[in-house]
Amino acid sequence: MGDVGLREAKREATAHALARAAFDLARERGVDGFTIDEIASRAGYSRRTFANHYAGKEEAIVAVAPAQVNHALDTTPADDLSLIDWLHAVALQQLSGGLLDLLRELRVLAQQHPPLRPHLLEVQHLIRETAREAVLARVEGPAAEVHAHLLVGAAYGVLTCVLDGHIAVRTDATATDIPETEGADMSLDDFLDRAFSYLRTGF
């Protein structure tokens, strides 16, 4: 890894440490219960370093999610699947592994502190765009690209009801202290199976 790569890796590690400190403090005390100086101190950095990465604590709190989104597709499903089956596998890969539960916790915080909401919407957009980029990298030709855009738009339009908490589903690691998971009678796998079945055969 060259000097540029090392600097970027160090910058990412610093940003993640600050985001994790902000998120942990928000869980412990509520968003209004701590200061930027306390975030920086917990992460082991200065307030100036915090300002080099984030415009405010709301942005920092939600920044724990993009790192997880970006790493969810470090590996992608096998290419021998049909495009819609491949996207089904991509969606499962994205939303499992803790991301869905993290989004739930962030929504609870946003209910208590509405300025977090725009940052959460940005995370939902990133989830969709990451999937779109992965699908577009798999297809060739203008017609295939149009098909890919339509497929991702339709699929992630459907998935929005889970991403925004309107439909509660269980994950393997679902936290029992998150209110919206109470009474969830469908697993993430079951929901995705149903959603993609509708996409294949119609509603």
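This is a predicted model: local features need pLDDT of at least 70, side-chain atom pairs count only at pLDDT 80 or more; totals for chains, interfaces and linings use all residues.
View 1. Residues are numbered from 1 along each chain as its sequence is written, and side-chain values use heavy atoms, with hydrogens and water left out. The side chain of Arg 47 meets that of Asp 37 in a salt bridge, at 3.2 Å from N to O. Asp 37, at 42% relative accessibility, counts as partly exposed. A salt bridge here is a side-chain nitrogen of Lys or Arg within 4 Å of a carboxyl oxygen of Asp or Glu, and helices (H or I, at least four residues) and strands (E, at least two) are DSSP runs numbered from the N terminus.

**View 2. Glu 28 with Arg 42, and Arg 29 with Glu 38, form two further salt bridges.** The structure holds nine salt bridges. In the one between Glu 28 and Arg 42, the closest N and O atoms are 2.9 Å apart. Glu 28 lies in helix 1 (residues 3-29) and Arg 42 in helix 2 (residues 36-43), so the pair, 14 residues apart, links distant parts of the chain. Arg 42 is partly exposed, because its relative accessible area is 41%. In the salt bridge of Glu 38 with Arg 29, the N to O distance is 2.8 Å. Side chains of opposite charge can pair when their charged atoms come close.

**View 3. Ala 21 is a buried residue of helix 1.** The relative accessibility of Ala 21 is 5%, which means that this residue counts as buried. Apart from residues up to four places away in sequence, Ala 21 touches Ile 39, Arg 42 and Ala 43, contact meaning heavy atoms within 4.5 Å. Ser 82 is 61 residues from Ala 21 in sequence, and their C-alpha atoms are 41 Å apart in space.

**View 4. His 53 is buried in helix 3.** Helix 3 covers residues 47-53, and His 53 is found in it. His 53 counts as buried because its relative accessibility is 18%. When residues up to four places away in sequence are not counted, His 53 touches Arg 11, Thr 14, Ala 15, Leu 18 and Glu 59.

**View 5. Leu 100 and Leu 188 are in contact.** Leu 100 has its place in helix 7 (residues 99-112), and with a relative accessible area of 1% this residue is buried. Beyond residues up to four places away in sequence, Leu 100 touches Leu 95, Val 162, Val 169, Thr 171 and Leu 188. Asp 164 stands 64 residues from Leu 100 along the chain, while their C-alpha atoms are separated by 9.9 Å. Leu 188 lies in helix 10 and, at 4% relative accessibility, counts as buried. Leaving aside neighbours within four places in sequence, the contacts of Leu 188 are Leu 92, Leu 95, Ser 96, Leu 100, Val 169, Arg 170 and Thr 171. Between Leu 188 and Arg 7, which are 181 residues apart along the chain, the C-alpha separation is 38 Å.

**View 6. Ala 131 is a buried residue of helix 8.** Helix 8 (residues 117-136) contains Ala 131, whose relative accessible area of 0% makes this residue buried. Not counting residues up to four places away in sequence, Ala 131 touches Leu 87, Val 90, Gln 94, Val 152 and Tyr 156. Ala 131 and Leu 87 are 44 residues apart in sequence, with 7.8 Å between their C-alpha atoms.

**View 7. Four aspartates form a negative surface patch.** The patch consists of Asp 172, Asp 189, Asp 190 and Asp 193. Asp 190 is found in helix 10 (residues 188-201) and counts as partly exposed because its relative accessibility is 40%. Patches are made of residues with over 30% relative accessible area and no salt bridge, like charges being joined within 9 Å and nonpolar side chains (Val, Leu, Ile, Met, Phe, Trp, Tyr) within 5 Å. Lys and Arg count as positive and Asp and Glu as negative, whereas His and the chain ends are not counted. The place of a charge is taken as NZ of Lys, CZ of Arg, CG of Asp or CD of Glu. Accessible areas come from the Shrake-Rupley method with a 1.4 Å probe, and for residues only the protein chains shown count as cover.

Note on methods
Buried means under 20% relative accessible area, exposed over 50%, partly exposed in between (1.4 Å probe, protein chains only).
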